[in-house]
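Hi,

Here is the structure I promised to pass on to you. Have a look at it first, and then read my notes below.

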Amino acid sequence: MAELVIRGGTVLTARGPERLDVRVAEGRIAELGPALSGPRELDAGGCWVGPGLVDLHCHTREPGQEWKEDLQTACLAAAAGGYTAILAMPNTDPPVDRGVVARQVVQRGEQIGLVEVAAAGALTAGRLGERLSHLDELWEAGVRVFTDDGDTVTDSGVLRRAMEYLAVRGGVVAQHAEDPALSAGGHLHEGSVSSRLGVAGIPREAEEVVVGRDLHLVRLTGCRYHVQHVSSRGTVELVEAARHSGLPVTAEVTPHHLAFDETAVEDLNPDFKMYPPLRTAEDRTALREALDRGTIDVVATDHAPHARQEKEVPFEEAPRGVIGLETALSVTLGVIRDPKLVFDRMAVRPARIAGMPSQGRVPEVGSPANLVVVDPDRRWTPATFRSKSGNSPWKGVELVGRARFTLYRGRVTWEDS
Amino acid sequence: MRNLLSIRDLDRVRIEELCSLADEFLAVMRRPIPQVPALRGITVATMFFEPSTRTRLSFERAARGLSADVMGFQAAGSSVAKGESLKDTALTLRAMGANIMVVRHGSAGAPKRVAEWTGCPTVNAGDGANQHPTQALADTFALLRRFGRLDGIRIAIVGDVRHSRVARSDVEAFTRMGASVTLVAPPPLLPPDLTGWPVAVSDQLDDLLEELDVVYLLRVQTERGGATVLPSVEEYARRFGLDAHRLGRMPDHAVVMHPGPMNRGVEITPDVADHPRCLVLDQVEAGVAVRMAVLFRLGAGLKGEAPHG
């Protein structure tokens, strides 16, 4: 495999940021040092060099909904966004509730070879919330995170059994927290905007009552628990209290919840429709602060592609979800400028939660060359996407900061031109 | 005026101007030949994606009163049933020569999307529970004809405000015109967050009756889930329904309004519905006149434009 040198960047080492060049050979970091040279040199001037990003929450839509996205386009989008690994959500068709489906997703990712693709497994068979999925098969297929994402496991008995089953193995139960009786018919945050527009809302409590219940079950079972796409101040407080009492709880926030609040929905543009909905400015502030102090561990995209014809309809008829793989880094850089925190929340911690040992590693000699070179000052405006779908709230919006190079197993998978 | 999508697009001066124009069209409607050639050659498309009789007919009557052509459909039986998108339906009507779009849709914001996709002047004829601006203009016009002005007029809007586009538009129109508005409903029928609304709120109609100039009754919208959040429709009728006894407690000059269709025996008893102080039919007549005014304003700018190729 070709050897290359990343020159002139600031490397986020275990000791902190250092001006170092990085020699990459045989898919690994071969040398860190000043003034290295090689047959191919990547200009990292003005850039940060750190572990490739890891997305804990990505809807790749394959198998079954390839008109929205497939693994090829999802991986292209991920590499362009600075990612070297993604966790594919199991709400495919068929869903990832059997080992064979998980293996298929992972193998397809290997064939594509642009990022490491891990599959999250469904908690319940068919994602119907009624009985457990084939947890053993899934575990043997390498699945470490289990979720019915898109839906909540509402049956407390089923969730308890899943947690008991996975606790002994160290698996993670990840919850899409949405009490369907409280969110039914809702399209945006229940508050002043929904009231003014006469569109049924989704109260914060739809999320908070689920997280509250789940934390009791975590206390009962000892299972690792991860809250997906936290949207409210109340959820932050629940997670914080659980963490203080020693429960094995982690949480993620999406870039759109960091960037926007409910007022962004006033025009009823379907590219701002997602679950959980954008909440108030106060909630957004709470999310940013929680991310900063680490109560929220991870920025995860909830990349949810939908085809143009599906989103080119009135707001209430549009499916939920926005894409995010190609913009997440830029948006996060708008919120946290400290490179150490950015890499911690977007690479180190998500890799740890997902159980991906060759990802999220601080650059050191011998470690796998899954790296991103980030230009924090690069200005760009998303217009088209590598993703098959364009349902992004940042279409036509100028962003600052972008991946200049992404390297996966030592190979350049993205180069900003 | 390019579109009429929300009553928020209109300030007080604009509302007054449309009402005085409506006054002239009201006179036209009462002529032996109730028609003027103002929009000859203009085609108005009435796109109704929700069942509607009165609003659609009112717009069509208004368009014909201005000598415009009308192309209309209701969703049932149209290509929408075959899965055609709103966008394609709107673009198709434009390609057939429609100049002005009148859109009724179950989803908030749909008329605005039609305006964006077609570039045609668009009137919101009711979108979800969001806005129904021509109804608010009709109500304002009917009240102006009754009272001369709305400044200081005390209005209670009673009933299912939560699911009512009429209430959302009326609150804005009435308060812009100087009236004070109280929303009267059991809490589940109120919008969950009234921050920024220029209104008072009560759940006791009986406490207010002596001090009201107008009681504006809303239908309990069973099709939008209005009835499922109430213990029972009978209890609602007993607490919030307007009967002769409650009407008798109101000042002698006070009037009753309703956007129709009425549920006789629920929010209004038959004797009140047929009472001379009930303005329901005045509102209907005012509706045609204000829709003529709105179409005239939107259409006048189109005269002389080349037809769409």
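Let's begin with the two domains of chain B: in this predicted model, the C-alpha centres of domain 1 and domain 2 of chain B lie 25 Å apart. Domain 1 of chain B is made of two stretches, 7-131 and 286-300, while domain 2 covers 133-284.

How do they meet? On the side of domain 1 of chain B, 34 residues are in contact with 30 residues of domain 2 of chain B. The size of an interface is often given as the accessible area lost when the parts come together. Between domain 1 and domain 2 of chain B, about 2,500 Å² is buried, and carbon and sulfur atoms give 59% of that area.

There are polar links too. Four salt bridges are found across the interface of domain 1 and domain 2 of chain B. R8(B) forms a salt bridge with E172(B), with 2.9 Å between their closest N and O atoms. Between the two domains of chain B, 15 residue pairs are in polar contact. Helix 1 of chain B provides eight residues, the largest share of the side of domain 1 that touches domain 2.

Now for the cysteines. How many disulfides are there over all chains? The search of the whole structure finds zero. For C75(A), the nearest cysteine sulfur belongs to C58(A), 8.1 Å away, and a disulfide needs the sulfur atoms within 2.5 Å. C75(A) counts as buried, because its relative accessibility is 0%. C278(B) is in no disulfide either, its nearest cysteine sulfur being that of C19(B), 20 Å away. With 8% relative accessibility, C278(B) also counts as buried.

Enjoy exploring!

Methods:
Residues are numbered from 1 along each chain as its sequence is written. Chains are lettered from A and ligands numbered from 1 in the order in which they are written. This is a predicted model: local features need pLDDT of at least 70, side-chain atom pairs count only at pLDDT 80 or more; totals for chains, interfaces and linings use all residues. Side-chain values use heavy atoms; hydrogens and water are left out. Buried means under 20% relative accessible area, exposed over 50%, partly exposed in between (1.4 Å probe, protein chains only). Domain bounds come from an automatic or database domain assignment. Contact means heavy atoms within 4.5 Å. Buried area is the accessible area (1.4 Å probe) that two parts lose on being put together, summed over both. A salt bridge is a side-chain nitrogen of Lys or Arg within 4 Å of a carboxyl oxygen of Asp or Glu. A polar contact is a pair of N or O atoms within 3.5 Å; within protein, one must be able to donate a hydrogen and the other to accept it, and residues adjacent in sequence count only if both atoms are side-chain atoms. Helices (H or I, at least four residues) and strands (E, at least two) are DSSP runs, numbered from the N terminus.
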